[in-house]
Amino acid sequence: MAGVDTTHPQYSASRERWQRCRDLFEGTDAVKGAGETYLPKLAGQKPAAYAAYKTRAVFYNGFARTVQGLVGSVFRKSPSVTVPEALQASLLDVTRSGVPFEALAMRVLEDVLTVGRRGVLLDQPVNAPANAAPYWVLYAEDQIVNWRTTVIDGQRRLSLLVLKERIEDAADAFAVSYVDQYRELRVADGMVVVQLYRNGTGEHKGTLVKHDLPIVLTRRGEKLTAIPFVFFSPTGLEPDVVKPPLLDLADVNLSHYRTSADLEHGRHFTGLPQPWVAGVTGDDKLQIGSSVAWKFSDPNAKAGYLEFTGQGLKELREALEEKATQMAILGARMLEGQKPGVEAAETVKLRHAGDSATLKSIAMVCSMGLTECLRWHAWWAGQDVKEGDVSCELNTDFFGLRLTAEEVKTLMLAWQSNAISYETFYDRLTEGGWSRPGISSKQELEDIAIGDDATGPPTLPEPAVV
């Protein structure tokens with residue numbers, strides 16, 4: 001009979017590729033630590049020889065560099081977040097463990113790019129005050145083990161969710177150890193019920209048993225009717241598992257690693273000097289060095305060094321370059337060689353149009369999911385929010401170019417001659433990286449006025465007429 005630890009079929013089918021992407025993101029230690037999973041032994045290779053073969057291999061992490069570069073492109077500008085003023089302070093620590101909202105948003109995007117999946121649960125302590133803000137809990141792809149959806153009130157909603165957690169075992173005051181715990185959230189009789197499961201003891205050892213009594217989630221004394229959990233994926237907020245967006249890049253990166261291993265293996269054996277002799281009899285060992293010389297009684301005896309010739313290593317070097325180019329095409333822009341000269345801004349945009357479109361759609365989906373989390377956050381904290389009162393928009397301008405001093409001067413002349421409004425002038429400064437993040441044009445003018453006359457009320461300057 002299936003138990004709470006039963007995994008969803010999509011979960012079981014995706015574990016291997018999730019692990020592949022995770023190991024690549026972690027880097028050399030994880031990839032080489034997986035041994036033959038990513039670098040098979042050569043035919044007839046002994047353990048010691050394989051260990052040396054693996055050690056010589058160079059793992060160039062184009063996958064992680066790409067993920068980090070894409071996340072950096074989105075967060076080169078802070079997200080635009082709208083919440084009621086009463087909740088702004090709570091966004092400085094949404095997890096109640098020191099993680100602010102923006103840092104959590106970065107983790108969500110990073111995981112969506114890495115494995116194509118992330119989940120956020122909003123929860124509340126049982127005895128929390130009525131208007132207390134909930135805390136957010138991040139769940140990785142391998143922690144969301146099972147789920148089910150049902151049509152409720154004409155809409156398909158989450159009716160079952162099982163989360164696997166790793167919690168610290170407090171049985172020993174000094175030793176740090178962890179135990180597995182399963183959290184089941186189920187919609188039953190129109191309310192959300194939470195039940196925890198842990199490994200049993202005594203006659204129940206080796207089986208998962210219920211831990212503590214079930215909890216009914218409430219808000220202001222009213223029972224929740226929907227599970228406060230948000231799924232994130234590259235294509236939407238549905239619970240279905242989708243392919244990691246950079247999986248193809250991951251596979252090319254592993255192929256690049258295997259080719260590197262073969263190249264370094266070949267260099268090791270062909271690059272070391274190998275002496276040879278012919279026409280020499282006797283079992284005496286021949287020493288090599290500047291202080292010794294070989295003398296042979298047979299005038300026909302010969303000696304020399306083996307020298308590698310052939311195209312094998314050249315082919316391997318070319319293969320590495322080809323795979324690096326493939327990674328660039330698949331999204332590793334940081335691996336692209338810089339073009340000579342200075343490219344126009346529009347040329348750069350066109351050259352990266354495919355990548356930016358994909359990243360833009362993922363950023364937009366993450367914005368939708370984070371907005372949903374913020375709505376839960378505000379609602380559970382007692383805020384009756386309307387449409388538009390709560391929102392989050394991640395940056396989708398990945399190619400911001402800083403204005404030059406000459407361009408700023410031209411904009412200033414246009415404003416002073418009434419060719420453009422101050423709002424347009426300030427907007428161009430913001431886009432060009434010449435303004436403070438999050439400061440409106442009105443606030444900037446007020447700050448200028450305060451700086452000019454701190455004793456009087458701020459007045460907005462009029463542009464000079466030329």
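At 17% relative accessibility, Arg183 counts as buried, where buried means under 20% relative accessible area, exposed means over 50%, and partly exposed is anything in between (1.4 Å probe, protein chains only). Arg183 forms a salt bridge with Glu165, and their closest N and O atoms are 2.6 Å apart. A salt bridge here is a side-chain nitrogen of Lys or Arg within 4 Å of a carboxyl oxygen of Asp or Glu. The pair links distant parts of the chain, with Glu165 in strand S5 (residues 155–168) and Arg183 in strand S6 (residues 178–188), 18 residues apart. Glu165 is buried too, with a relative accessible area of 8%.

Before going on, a word on the model. It is a predicted one, so local features need pLDDT of at least 70 and side-chain atom pairs count only at pLDDT 80 or more, while totals for chains, interfaces and linings use all residues. Residues are numbered from 1 along each chain as its sequence is written, and side-chain values use heavy atoms, with hydrogens and water left out.

**The whole chain**

There are 12 helices and 14 strands in the chain. Helices (H or I, at least four residues) and strands (E, at least two) are DSSP runs, numbered from the N terminus. Of the 466 residues, 37% are buried. The accessible surface comes to about 27,000 Å², and 52% of that belongs to carbon and sulfur atoms; such areas come from the Shrake-Rupley method with a 1.4 Å probe, and for residues only the protein chains shown count as cover. Take the contacts between residues at least 6 apart in sequence: 64% of them join residues at least 24 apart. Contact means heavy atoms within 4.5 Å.

**Salt bridges**

By the rule above, the count comes to 15 salt bridges. Here are some of them, including the pair we began with.

| Pair | N to O distance |
|---|---|
| Arg20 and Asp251 | 2.9 Å |
| Glu165 and Arg183 | 2.6 Å |
| Glu184 and Arg186 | 2.7 Å |

Elsewhere, salt bridges that share partners join Arg22, Asp111, Arg118 and Glu141 into one network.

Back to Arg20 and Asp251, whose side chains meet in a salt bridge. That pair also ties distant parts of the chain together: Arg20 sits in helix H1 (residues 9–26) and Asp251 in helix H6 (residues 247–271), 231 residues apart. Arg20 counts as buried at 13% relative accessibility, and Asp251 as partly exposed at 32%.

Leu87 is in the loop between S1 and H5, and it is buried, with a relative accessible area of 5%. The C-alpha atoms of Leu87 and Ala378 are separated by 7.2 Å, though the two are 291 residues apart along the chain.

Lys323 lies in helix H7 and is buried, with a relative accessible area of 17%. Leaving aside its neighbours within four places in sequence, Lys323 is in contact with Val252, Ser255, His256 and Thr259. Lys323 and Ser255 are 68 residues apart in sequence and 7.8 Å apart in space, C-alpha to C-alpha.

Ser367, in helix H9 (residues 353–380), is buried as well, at 9% relative accessible area. With neighbours within four places left aside, Ser367 is in contact with Cys392, Glu393 and Leu394.

**Out on the surface**

Glu315, Glu318, Glu321 and Glu322 form a negative surface patch. Patches are made of residues with over 30% relative accessible area and no salt bridge, joining like charges within 9 Å and nonpolar side chains (Val, Leu, Ile, Met, Phe, Trp, Tyr) within 5 Å. Lys and Arg count as positive and Asp and Glu as negative, while His and the chain ends are not counted. A charge is placed at NZ of Lys, CZ of Arg, CG of Asp or CD of Glu. Glu322 is found in helix H7 (residues 312–330) and is exposed, with a relative accessible area of 51%.

There is a nonpolar patch too, formed by Val277, Val280 and Leu286, with about 200 Å² of accessible area together. Val280 is in the loop between strand S12 (274–278) and strand S13 (302–306), and is partly exposed at 34%.
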